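Colleague: I am new to this model and would like a close look at one part of it. Could you walk me through the aromatic rings and what packs around them?

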Amino acid sequence: MSVGVCIINKNGIALAADSAGTVGANKMFYNSMNKVFNLSYNNKIGVITYGTTAIYNTPIEIILKEFRNYIDINCQQISDFFSLIKLFEDFLYENRSYFKFEDEEKKVCINLIISLVKEWGTKINEITKGVDENLIEGKIMEIIERFKTKINEAIRIPNYDVSHYIETNYKQNIINSIKAFCPILVRYQNPFDELTRCICDYFNLSLRSETEQPLGLLFAGYDAQTAFPKYIHLEIYNFVGKKLKYLIKEKFNEDGIHSSIVPLAQPDVINTFCKGFSDNYMNAIPGIIKSEIDKRVNLVVEDKDKIQKCFEGIQNDIVSSLINKSRVEYINPLLRSLNVLQIPDLALLAENLVNITSLKRKFSMDGYQQTVGGPTDVATISPNDGFVWIKRKHYFDKELNPHFIEKHK
C-alpha cells in the first residue's frame, strides 16, 4: 500500500509519494521504497509507481531505471507524450530475456490453462457420466456454450488480444491438460477445438487475479509538441508475448487553462481535503438515506406506496446537492488557486497532501495503519528546468559517493 499525488497546472507538475511498502499476508512493513522516478535525462518526464512492486518477479524500480536508459538511447526528443505506452511495451519485449519474463510467463500461463481445464473439464466429466454415446457430444457442447457465454459477458481489456499467441505457444499445454483432466474430450474434435478457443480467449479478459493487485503507473511530463504538461495514469496487469495488459485510468492533455490534483493508491484523505468528503463516504449516502426513509415509511399504516413514491429519487437529488455544494465551496476555490500556483508551491502542496495521509494512517485504527509512511519524495517538472528533485531520500551517505551524485546531476 502507498499514497502518491500528481499536481499539474500550466506552470508545471509536482510529483510526491511516501516510502512505505507492505509485503506478504502477514504484512511486513518497511519505509525505504522508491516510488518517484526521473524517466529521462534528455526529456522532461517523471513517473510515480504504486500497488504491486514488480512485473512478474522483476522489481519495478529496476525496470523503470532501465527504461530511463532505453528512452535516452532511443528518443533524444519525445514528440508525442502518449507514445510512452508503446515505447514501454517495446522496451519490455526487447528486454524480456534480460528480465527473465519468458520463464515467469510460462508459469503464469500454464497455471491458468490447467485451472481452466480442471474447472470446465470437471463439469464435462460430470455431465457425461452414464450418458448414451450418441448424446455425449451434445452434452459436452452445452458446457462449452456456458463457458463461451461467461467469456462473452465478462469485461475485456481494450485493445488487448493474445489469443493467437496463446494458441501458438501453449497449444501443447492445453492438449496435455485436457488429456489429463478430461480425456473424454479428445474423442470429439469440434468440442475439443471450441474449448481450446475459449481458453485462449479467456486470457483477454479482465481477470480478478490480475486486477485485485495491479501495478499503478502515472507518467507525467512534456513532449516536443507543446509547452504544456501532460500525464497518463495506467493500471498494468500483465505482460504476455509482445502485449502489455493495461487499462488507462485517466489522461490529461494540458491546454493552458485547466489544473488537476490526482491522488494515487489511497485517495480518501486527499479527496477529503479537495472535495470536503471522500468517495467512500459519498457512495454510502444513498443507501443510508433509503434505509432511513424505509424505516419511517414502514411505521405508517396507510398509503405506504403513495408515500414511498413521493420519496423516489430523493437519494440522487440529495447526492447531487451535496456534490454541487462541494464543487462551489471546496473544489472551485482550490482549483482557482491551483491555476496560478508556482512550482515551489505545487511541490509544497504535493508533499503535504502525502504527509496528511501518512498522519491519518499513523493515528487512525482503521485497518490501514503503517500502509503509508516514511520519508516523502518530491519532484517537479517544468518546461524550462525539466525534472528537479525537491526532496529525495538516499540509502547511502552522499558525501561518500560523489561519483553517484556527479553521474546523476
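Modeller: Happy to! A charge is said to sit over a ring if NZ of Lys or CZ of Arg is within 6 Å of the ring centre and within 35 degrees of the ring normal. In that sense Lys 251 lies over the face of Phe 82, at 4.4 Å from the ring centre. Likewise, the charged end of Lys 123 is over the ring of Trp 120, 5.1 Å from its centre.

Please keep in mind that this is a predicted model, where local features need pLDDT of at least 70 and side-chain atom pairs count only at pLDDT 80 or more, while totals for chains, interfaces and linings use all residues. Residues are numbered from 1 along each chain as its sequence is written, and side-chain values use heavy atoms, with hydrogens and water left out.

Now for rings that meet rings. Rings of Phe, Tyr and Trp (its six-membered ring) pair if their centres lie within 6.5 Å; planes under 30 degrees apart are stacked, over 60 edge-to-face and the rest tilted. By this rule there are 18 aromatic pairs. One of them is edge-to-face: Tyr 165 and Tyr 170, 6.5 Å from centre to centre with 65° between the planes. Tyr 170 is buried at 3% relative accessibility, whereas Tyr 165 is partly exposed at 27% (buried means under 20% relative accessible area, exposed over 50%, partly exposed in between, with a 1.4 Å probe and protein chains only). Tyr 395 and Phe 396 have ring centres 5.1 Å apart and planes at 90°, so this pair is edge-to-face too. Here Tyr 395 is exposed at 78%, but Phe 396 is buried at 19%.

Some rings gather into one aromatic cluster, whose members include Phe 67, Tyr 70, Phe 88, Phe 91, Phe 99 and Phe 101. Helices (H or I, at least four residues) and strands (E, at least two) are DSSP runs, numbered from the N terminus. Contact means heavy atoms within 4.5 Å. Where helix 1 meets helix 2, Phe 67 and Tyr 70 are among the residues from helix 1, and Phe 88 and Phe 91 among those from helix 2. Helix 1 (residues 60–74) and helix 2 (residues 84–94) pack at about 105°, with axes 10 Å apart (axes are lines fitted to C-alpha atoms, for helices over the stretch in contact, and angles run from 0 to 180 degrees between N-to-C directions).

Finally, Thr 58, in strand 8 (residues 58–59), is buried at 8%. Leaving aside neighbours within four places in sequence, Thr 58 touches Thr 53, Ile 63, Phe 99 and Phe 101.
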